[in-house]
Amino acid sequence: MTEHSARVSDVSFIDMEESHTSGVYAKRQLTIVRGEGAYLYDEAGNRYIDCVGGQGAANIGHAHPAVVAAIRDQAGTLLSCPEIFYNDKRALLLEKLTQLAGMPRAFLSNSGAESVEAALKFAKLATGRKGIIAAMRGFHGRTMGALSATWEPKYREPFEPGVPGYSHIPYNDLTAAEAAITDQTAAVMVEIVQGEGGVRPGDGDYFRALQALCHQRGAMFIVDEVQTGFGRTGKMFAHQHYGLQPDLMPTAKSIAGGLPFGACLIGERVGKLQPAMHGTTFGGNPLACAAAIATLDVLVNEDLPGRAAALGGFLMERLGDLPTRFREKVREVRGLGLLFGIELRGKVAPVLKALQERGVLALPAGLNVLRLLPPLVISKDDLEIVAQAIESVLAADTTA
Ligand SMILES: Cc1ncc(COP(=O)(O)O)c(C=O)c1O
């Protein structure tokens with residue numbers, strides 16, 4: 001047994017959670033109690049290099065001092081302020097966010113799925129149409145509208161019938177899009193890199209042609225940047241790699257430094273939305289807005305998108321030849337910036353466990369893909385340690 005597996009944390013919290021938790025999450029035998037930068041700590045004080053990154057919510061690192069200060073300050077000033085009133089922090093955030101996105105307006109929400117729901121509803125309002133086209137292997141969240149757009153049958157089928165009017169087309173396939181988009185299509189929704197679907201980047205030419213097709217046929221072009229946004233792929237937003245202009249852009253995860261928050265950016269083609277067409281109690285709350293302002297400042301001032309591009313390049317240089325070096329175990333390595341995936345020939349679960357034993361926490365994307373989503377503040381030295389840990393796990397006989 002390695003040092004890390006021997007230091008599994010106090011079981012009492014695990015037992016307490018197990019007794020009362022819903023049961024919908026497959027959990028690891030690890031109780032995380034603290035985070036700092038790109039490190040997580042269990043209750044015994046063991047340190048892990050974090051390549052889970054809050055499932056994409058920790059781009060600026062854990063407990064960033066600027067966000068901690070903004071939250072502390074706002075918590076003592078005003079927590080709750082529904083959007084029937086204007087608010088100083090909300091106004092400042094909206095100005096900053098829309099400027100960074102190059103889109104004029106935004107609806108503020110509390111999660112990725114809510115941002116996606118907003119995009120789907122706004123597309124229907126803007127076009128008067130009902131059809132939603134999403135991509136095979138796409139993931140958009142678990143609420144009914146977002147779930148209906150999500151491809152994975154295991155997530156979707158137990159809750160059928162979904163929302164009517166949804167269909168799925170092969171990703172990165174323009175011919176399929178040409179055949180599917182009609183005068184009944186309200187929107188086509190894609191991810192620039194399919195995150196949950198296996199870390200699969202699409203082609204710039206495909207996205208540009210898809211956007212043009214949406215314009216020609218009067219449909220809204222939705223780019224789901226919930227996972228790819230806020231520097232993750234090496235640009236502030238992944239669509240900026242290809243000069244795209246989405247009509248609607250759901251975001252969330254890292255927008256507020258780890259606090260639950262989201263925003264659906266709204267483009268010119270959507271037009272003005274009418275009061276009472278949508279809303280949510282906590283949307284645009286001053287606490288999350290203050291955290292988001294601080295987060296966006298950190299992303300810009302520390303050039304974290306640039307850092308993600310450079311470190312993603314390093315990781316690709318370092319691990320890009322795994323399919324050659326570990327031919328029987330690795331099928332492909334792919335990614336964009338620090339959204340990095342290693343497709344294995346076997347199951348990813350034993351690899352994740354072995355990495356945890358070596359002090360590295362990582363994610364799956366489906367059954368076979370090892371996904372790395374480190375905070376963008378991670379050091380190159382720590383990424384080198386992660387690369388060595390992956391090599392050592394692949395070299396060991398324990399992986400299938
Ligand atoms: C691309 C994408 N869209 C939407 C969501 C849903 O976000 P949330 O879990 O905050 O509802 C996710 C979550 O992983 C995602 O990756």
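## First stop: a charged pair

Start by selecting Glu 36, which is partly exposed at a relative accessible area of 45%; here buried means under 20% relative accessible area, exposed over 50%, and partly exposed anything in between (1.4 Å probe, protein chains only). You are looking at a predicted model, in which local features need pLDDT of at least 70 and side-chain atom pairs count only at pLDDT 80 or more, while totals for chains, interfaces and linings use all residues. To find your way, note that residues are numbered from 1 along each chain as its sequence is written, and that side-chain values use heavy atoms, with hydrogens and water left out.

The term stands for a side-chain nitrogen of Lys or Arg within 4 Å of a carboxyl oxygen of Asp or Glu. Arg 34 is partly exposed as well, at 43% relative accessibility.

Switch to cartoon and select strand 1 (32-36) and strand 15 (360-361). Strands (E, at least two residues) and helices (H or I, at least four) are DSSP runs, numbered from the N terminus. What order do the four strands of this open sheet follow? The order is 1-2-3-15, with mixed pairing; two strands pair if DSSP finds at least two bridges between them. Strands 1 and 15 stand at the edges with a single partner strand each, so one side of each has no neighbour in the sheet.

Zoom in on strand 1 and strand 2 (residues 39-42): they run antiparallel and are joined by four bridges. Pick Ile 32 and you will find Asp 42 of strand 2 opposite. While you are in this region, show Tyr 39 and Arg 47: the arginine lies over the face of the tyrosine, 3.8 Å from the ring centre. A charge sits over a ring if NZ of Lys or CZ of Arg is within 6 Å of the ring centre and within 35 degrees of the ring normal.

Next, select helix 15 (residues 380-395), which lies across strand 2, strand 3 (47-50) and strand 15 and runs at about 90 degrees to strand 3. Such angles run from 0 to 180 degrees between N-to-C directions, with axes fitted to C-alpha atoms, for helices over the stretch in contact; contact means heavy atoms within 4.5 Å.

Strand 14 (residues 339-344) and strand 17 (residues 369-372) pair antiparallel over four bridges, and Ile 342 has Leu 370 as its bridge partner.

Now select Arg 318, Asp 321, Arg 325, Glu 384 and Glu 391, which are linked in a network of salt bridges. Within it, Asp 321 and Arg 325 meet at 3.0 Å, N to O. The count for the model comes to 17 salt bridges.

## An enclosed strand

Select strand 7 (residues 185-190): six of its six residues are buried, so the strand is largely enclosed by the rest of the structure. Four bridges join it in parallel to strand 5 (residues 131-135), where Gly 131 stands opposite Thr 185. Another four join strand 7 in parallel to strand 10 (residues 220-223), with Met 189 opposite Ile 222.

## Last stop: rings

Finish by selecting Tyr 171, Tyr 206, Phe 207 and Tyr 242, which form one aromatic cluster. The whole structure holds seven aromatic pairs. Rings of Phe, Tyr and Trp (its six-membered ring) pair if their centres lie within 6.5 Å; planes under 30 degrees apart count as stacked, over 60 as edge-to-face and the rest as tilted.
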